[in-house]
Amino acid sequence: KFKTQILSKVRKSKRFEKIHAKILSLHSEGLGNSEVSKYLNLHNIKTPAGINYTPKLIGMFFYKFRKINRRLKHSELKLTSIKFWVDN
């Protein structure tokens, strides 16, 4: 039996991978949360819940993005001295 607190990375749908990549790209070009949300709404890009983006939602995206990346960066699983046995 294994018990771990390691974060596993769940693959997002292709659609949301593209949206998240676009948000990161716009942000790296210097756009703030308000400008990013305006861009997405102007191009009729919706959240997973089907609503318009707001600056607060973009801010939350970055908060969660950084939190997940920190956890992935510091997570490591090392197994040593593994023994197997069979109960009869």
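Begin by selecting Thr47, a buried residue with a relative accessible area of 9%; here buried means under 20% relative accessible area, exposed over 50% and partly exposed in between, with a 1.4 Å probe and protein chains only. The model is predicted, so local features need pLDDT of at least 70 and side-chain atom pairs count only at pLDDT 80 or more, while totals for chains, interfaces and linings use all residues. Residues are numbered from 1 along each chain as its sequence is written, and side-chain values use heavy atoms, with hydrogens and water left out.

**Stop 1: around Thr47**

Thr47 sits in the loop between helix H2 (33-42) and H3. Helices (H or I, at least four residues) and strands (E, at least two) are DSSP runs, numbered from the N terminus. Which residues touch Thr47, leaving aside its neighbours within four places in sequence? Show Phe16, Asn52, Tyr53 and Leu57: each is in contact with Thr47, contact being heavy atoms within 4.5 Å.

Stay in this loop and pick Asn44, which also lies between H2 and H3. Asn44 is a residue other than glycine, yet its phi is positive, near 55°. With a relative accessibility of 56%, Asn44 counts as exposed, whereas Thr47 is buried.

**Stop 2: the whole chain**

Now zoom out to the cartoon. The protein chain has 3 helices and 0 strands, in the order α-α-α from the N terminus on. Colour by accessibility next: of the 88 residues, 15% count as buried. The chain exposes about 7800 Å², and carbon and sulfur atoms supply 57% of that area; the areas come from the Shrake-Rupley method with a 1.4 Å probe, and for residues only the protein chains shown count as cover.

**Stop 3: helix H1**

Select residues 14-28, the 15 residues of helix H1. At 1.5 Å a residue they should span 21 Å, and the end C-alpha atoms are 21 Å apart, which agrees; the expected span is 1.5 Å times one less than the number of residues.

Which residues of H1 are buried? Highlight Phe16, Ile19, His20, Ile23 and Leu26. Looking down the axis of H1, you will find these buried residues within an arc of 125°, so they line one face of the helix; the arc is that of the directions from the helix axis to the C-beta atoms. Then step just past H1 to Gly30, where phi is positive, about 105°.

**Stop 4: Ser37 in helix H2**

Ser37 lies in helix H2, and with a relative accessible area of 3% it is buried. Show side chains here: that of Ser37 reaches the backbone oxygen of Ser34 at 2.8 Å. Which residues is Ser37 in contact with, beyond its neighbours within four places in sequence? They are Tyr53, Thr54, Pro55 and Ile58. Try the distance tool on Ser37 and Thr54: they are 17 residues apart in sequence and 5.4 Å apart in space, C-alpha to C-alpha.

**Stop 5**

How many aromatic pairs does a search of the whole structure find? There are 2, where rings of Phe, Tyr and Trp (its six-membered ring) pair if their centres lie within 6.5 Å, and planes under 30 degrees apart count as stacked, over 60 as edge-to-face and the rest as tilted. Phe61 and Phe62 make an edge-to-face pair, 5.1 Å centre to centre with 70° between the planes. Phe61 and Phe65 are stacked, with 5.8 Å between centres and 25° between planes.

Phe61 and Phe65 both belong to helix H3 (residues 55-73), where they are 4 residues apart, about one turn of the helix. Phe61 and Phe62 are both buried, Phe61 because its relative accessibility is 14%; Phe65, at 31%, is partly exposed. Select Phe61, Phe62 and Phe65 together to end the tour on the cluster that their ring pairs form.

Conventions:
A polar contact is a pair of N or O atoms within 3.5 Å; within protein, one must be able to donate a hydrogen and the other to accept it, and residues adjacent in sequence count only if both atoms are side-chain atoms.
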